[in-house]
Amino acid sequence: MCCMGLLACNPDRKTKVNTEEVHFAISASSVMFFKNVRQIYYERQENNAAKATIYRMRDRVRDKTIPLLYPAIVYMWAQDEASVILERNEWLANAADTLYFIWQDTVRQISGKYIFPNGDRRTHYKFAAQIYHSIQEEHKLWLQTDSCKVPFLAREREREPFRKIMIDYFRLVNVLR
């Protein structure tokens, strides 16, 4: 029984999630789970004017010398919804609004591109889900700048907080149970 509880708190790193549909609706039970079990891993910021609470993973990397984007969970309690919003670190603060990423699957020898135009919450969700998928597939990732490719989420300590935040978000919006 104790093992079941531990498994529920930290799903397998290979947990596949259907990310094709965009989900924002939450349930009372998913909010209760998040607040009682997962909230302790997050910094919390209240925004009473927007009737929202923003959650940021405490153990995310805060390195200013590499490009980083981390999801923040925005719980809009007045609407019973949650969004995932990607926040840029200082390295990306002055970058163009639209970011271009290259992914490579070294096992299957395929690669592709992701474009993040920094749009609305649907755009943030879709891009975060793509990065989550690449983390699950162990793709190598790079940010494409005008002059070069810069490694993106290259180390486990950068990838794991992203993965955990997305698992928590998917659980909150009932994509993952």
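Helix packing, sheet and aromatic pairs in a predicted model

In this predicted model, helix H4 lies across E1, E2, E3 and E4 and runs at about 20 degrees to E3.

User: What makes E1 and E4 the edges of the sheet?

Analyst: The four strands form an open sheet in the order E1-E2-E3-E4, with antiparallel pairing. Strand E1 (42–47) and strand E4 (81–88) each have a single partner strand, so one side of each is left without a neighbour in the sheet. Neighbouring strands of this sheet are turned by 25 degrees against each other on average, direction ignored.

User: Why is the pair of Tyr42 and Tyr55 called edge-to-face?

Analyst: Ring centres must lie within 6.5 Å, and planes over 60 degrees apart count as edge-to-face. The centres of Tyr42 and Tyr55 are 6.2 Å apart and the planes stand at 85 degrees, so the pair is edge-to-face. Because Tyr42 lies in strand E1 and Tyr55 in strand E2, the pair ties together parts that are 13 residues apart in sequence.

User: Why do Tyr42 and Tyr55 count as buried?

Analyst: Buried means under 20% relative accessible area. Tyr42 has 1% relative accessibility and Tyr55 has 2%, so both count as buried.

User: What makes the pair of Phe116 and Phe127 stacked?

Analyst: Planes under 30 degrees apart count as stacked. For Phe116 and Phe127 the angle between the planes is 25 degrees, at 4.7 Å centre to centre, and the pair is therefore stacked. Phe116 belongs to strand E6 (residues 110–116) and Phe127 to helix H3, eleven residues apart. Phe116 is buried at 0% relative accessibility, and Phe127 is buried at 2%.

User: How do you know that the charged end of Arg121 sits over the ring of Phe24?

Analyst: The distance limit is 6 Å from the ring centre, and the charge must also be within 35 degrees of the ring normal. The charged end of Arg121 is 3.7 Å from the centre of the Phe24 ring and is assigned as sitting over that ring. The charged end of Lys149 likewise sits over the ring of Trp142, 4.2 Å from its centre.

Methods:
Residues are numbered from 1 along each chain as its sequence is written. This is a predicted model: local features need pLDDT of at least 70, side-chain atom pairs count only at pLDDT 80 or more; totals for chains, interfaces and linings use all residues. Side-chain values use heavy atoms; hydrogens and water are left out. Two strands pair if DSSP finds at least two bridges between them. Helices (H or I, at least four residues) and strands (E, at least two) are DSSP runs, numbered from the N terminus. Axes are lines fitted to C-alpha atoms, for helices over the stretch in contact, and angles run from 0 to 180 degrees between N-to-C directions. Contact means heavy atoms within 4.5 Å. Rings of Phe, Tyr and Trp (its six-membered ring) pair if their centres lie within 6.5 Å; planes under 30 degrees apart count as stacked, over 60 as edge-to-face and the rest as tilted. Buried means under 20% relative accessible area, exposed over 50%, partly exposed in between (1.4 Å probe, protein chains only).
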